[in-house]
Amino acid sequence: QLVDGFTWTRFTKMASIKTSDLQAVQDLEKPRSLKTWTEAYGVTVEEKGSTTVLTPKQGLNRNLFRGVGKAFDEPMNFSKRPEVYFRIKLSGTSAKRAEVKIRFYSGSHLYESRGKVTVGRETAVSANLSAWKYKNKVDKIQILVKPNGASAWNTEAQITIKDLQMGMTVG
């Protein structure tokens, strides 16, 4: 199995998939932390306070997204805090930009917000779940990253995710 936890059957049975673009942001009002990852996809994970450092494993298909996920014991309700914010910085690839996705699952429903960030620069981004009708029962979140094009991660590569939070509005 190339990606731990991935099942093609579950993916093809998704009842709905909604997508949006990641937005550049400054801050959230009334934030609530969402850290502590429970799943890793092609990376090793080290958590330090509100910072998570991912080291991409070598020898995997360069076209695969790498990242982390969190399955919640009880579904999370994002109705009152529909903005999800985090800062991300990537290093260790020849690509100038990288693709970033944040996914939210509610049973067989998927919401994905995606965008591109500049490698070597910390970028604050957010996803807004306001328009997603399943935001009141989110049972899993994933953040996934891969370098643009055919670029690969080198042996010094790191993906740093900071301050994953849910909030009411973006300032």
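**Exercise 1. Work out whether F104 is buried or exposed in this predicted model.**

Step 1. Start with the cut-offs: buried means under 20% relative accessible area, exposed means over 50%, and partly exposed is in between (1.4 Å probe, protein chains only).
Step 2. F104 has 0% relative accessibility, so it counts as buried.

Before going on, a word on the ground rules. Residues are numbered from 1 along each chain as its sequence is written. Because the model is predicted, local features need pLDDT of at least 70 and side-chain atom pairs count only at pLDDT 80 or more, while totals for chains, interfaces and linings use all residues; side-chain values use heavy atoms, with hydrogens and water left out.

**Exercise 2. Find out which strands pair with β9.**

Step 1. Helices (H or I, at least four residues) and strands (E, at least two) are DSSP runs, numbered from the N terminus. Two strands pair if DSSP finds at least two bridges between them.
Step 2. Look at β10 (residues 109-118): ten antiparallel bridges tie this strand to β9 (residues 97-106).
Step 3. Check the turn. β9 and β10 make a hairpin with two residues between them, and G107 in that turn has a positive phi of about 60°.
Step 4. Now try β12 (residues 138-147). This strand runs antiparallel to β9 and is joined to it by eight bridges; here F104 has I141 as its partner.
Step 5. See how covered β9 is: eight of its ten residues are buried.

**Exercise 3. Classify the ring pair of F104 and Y111.**

Step 1. Rings of Phe, Tyr and Trp (its six-membered ring) pair if their centres lie within 6.5 Å; planes under 30 degrees apart are stacked, over 60 edge-to-face, and the rest tilted.
Step 2. The structure has four aromatic pairs. In the one between F104 and Y111, the centres are 6.2 Å apart and the planes sit at 55°, so this pair is tilted.
Step 3. Compare W132 and Y134: their centres are 5.9 Å apart with 65° between the planes, and that makes an edge-to-face pair.
Step 4. Check the surroundings. Y111 is buried at 4% relative accessible area, and W132 is buried too, at 3%.

**Exercise 4. Which lysine lies over the face of Y105?**

Step 1. A charge sits over a ring if NZ of Lys or CZ of Arg is within 6 Å of the ring centre and within 35 degrees of the ring normal.
Step 2. K140 is the lysine over Y105, at 5.7 Å from the ring centre.
Step 3. There's another example at F65, where K146 lies over the ring face at 5.9 Å from the centre.

**Exercise 5. Describe the setting of S126.**

Step 1. Locate S126: this residue belongs to β11 (residues 123-128).
Step 2. Its relative accessible area is 2%, so S126 is buried.
Step 3. Look for a polar contact, a pair of N or O atoms within 3.5 Å; within protein, one must be able to donate a hydrogen and the other to accept it, and residues adjacent in sequence count only if both atoms are side-chain atoms. The side chains of S126 and E83 make one, at 3.1 Å.
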